[in-house]
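These are my notebook entries on one structure. I set down what I looked up, entry by entry.

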Amino acid sequence: MVPAELFAKVEAPSFTAREQAEARQLTLTKPAGSLGRLEQIGVWMTACQGVCPPKPITDPRIIVFAGDHGVAARGVSAYPAEVSLQMAANINHGGAAINVLGRAAGASVRVADISLDHDANGEERVRRSSGSIDIEDAMTESEVLQAIQTGQRIADKEIDSGADLLIAGDLGIGNTTPAAALIGAMTNSEPVVVVGRGTGIDDEGWKRKVAAVRDAMFRVRNIHHDPIGVLQAISSPDLAAMAGFLAQAAVRRTPVILDGVVVTSAAIMANKLAPGARQWWIAGHRGAEPAHKLALRNLKLEPILDFKMRLGEGSGAAMALPIVQAAVDIMIDMATFESAGVSEKE
């Protein structure tokens with residue numbers, strides 16, 4: 001199966017609505033361009049919605065894609081693998097950082113258990129954990145297709161039930177290793193350039209992680225043209241599902257705020273699966289991992305925030321959500337020169 005059989009063509013956000021939004025910005029009671037990036041975000045959201053002025057964001061949703069990774073056994077993380085399950089339970093009970101940030105921004109939060117390392121069943125489950133990508137494929141051919149299609153279904157379900165903006169979060173010990181491998185492979189970067197400290201590994205852990213990423217990248221050196229094959233070999237079911245989710249959101253004309261390095265690695269693959277999908281995304285923040293900067297450059301996305309965050313879970317995107325909401329509200333609620341009786345620039 002090829003990407004064209006999985007995803008419908010991605011249409012661009014409305015050019016007409018973009019032009020109308022740019023013109024509206026000139027009529028609002030402020031010097032032109034004085035709100036800087038906030039104006040650009042408002043224009044982008046207007047184009048995504050296809051109507052000017054835009055509608056307020058009323059139902060943003062955060063879906064945390066959870067999975068474990070066989071490569072974690074290589075000592076590439078500062079935390080043991082069982083933390084993945086423990087943190088998934090923490091999110092489900094509302095006690096994680098993403099829950100706090102989601103509540104503050106008015107966004108719902110839920111975990112999609114794609115491949116956590118436990119015995120479980122459900123329509124979103126693909127398999128238990130994944131292969132160690134330095135020496136073996138993360139999953140089988142049927143599993144990677146199942147994961148991508150699971151992500152598609154999650155996007156459809158959220159959008160069909162009313163979501164007007166989506167955020168993908170990540171959860172899983174060791175997940176920055178496949179993320180670094182994907183970004184390194186797709187940007188033709190050296191392993192030492194893309195590998196960061198993840199959850200806080202020491203120098204020896206960093207060396208082990210570089211070796212794992214190097215070996216994973218070598219395994220896909222001749223298949224960069226095949227995004228499904230790359231995902232099968234060196235990602236994980238949760239990352240593949242996330243790629244399907246991000247691509248389908250673009251197909252469904254629904255804006256997405258991207259999070260950190262793990263989500264953005266999936267976004268690179270999603271843009272390969274559904275060319276043009278990047279037009280429907282905005283980067284919430286620039287994280288501390290070096291590969292994140294490379295991934296954002298590859299997607300030609302400028303982050304809203306730069307707080308040196310590296311938590312994942314969707315936390316950086318959740319921090320940016322109130323800014324996106326404010327940009328939309330300015331387009332809706334700010335008075336025009338005419339309506340306020342304020343003199344315009346001569």
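**Conventions.** I took two strands as paired if DSSP finds at least two bridges between them. Helices (H or I, at least four residues) and strands (E, at least two) are DSSP runs, numbered from the N terminus. I worked on a predicted model, in which local features need pLDDT of at least 70, side-chain atom pairs count only at pLDDT 80 or more, and totals for chains, interfaces and linings use all residues. Residues are numbered from 1 along each chain as its sequence is written, and side-chain values use heavy atoms, with hydrogens and water left out.

**Entry 1: the sheet.** I looked up the bridge partner of Phe 65 and found Ala 112 in E2. Strand E1 (residues 60-67) runs parallel to E2, and seven bridges join them. I then traced the whole sheet: it is open, has five strands in the order E2-E1-E3-E4-E5, and its pairing is parallel. Strand E2 (108-115) and strand E5 (281-283) each have a single partner strand at the edges, so one side of each lacks a neighbour in the sheet. Neighbouring strands are turned by 30 degrees against each other on average, direction ignored. For angles, axes are lines fitted to C-alpha atoms, for helices over the stretch in contact, and values run from 0 to 180 degrees between N-to-C directions.

**Entry 2: helix H3.** I noted that H3 (residues 37-49) lies across strand E3 (165-171), strand E4 (256-258) and E5, and runs at about 160 degrees to E5.

**Entry 3: helix H14.** I checked the length of H14 (residues 315-333): its 19 residues should span 27 Å at 1.5 Å a residue, and the end C-alpha atoms are 28 Å apart, which agrees. The expected span is 1.5 Å times one less than the number of residues. H14 bends by about 30 degrees at Leu 321, and Pro 322 follows within four residues. The bend is the angle between axes fitted to the seven residues ending at a residue and the seven starting there. The buried residues of H14 pack against helix H2 (15-27), H3, E1, helix H5 (97-105), E3 and E4. Contact means heavy atoms within 4.5 Å.

**Entry 4: Gln 146.** I located Gln 146 in helix H6. Is Gln 146 exposed, partly exposed or buried? At 32% relative accessibility, Gln 146 counts as partly exposed (buried is under 20% relative accessible area, exposed over 50%, partly exposed in between; 1.4 Å probe, protein chains only). Leaving aside neighbours within four places in sequence, Gln 146 is in contact with Arg 125 and Val 126.
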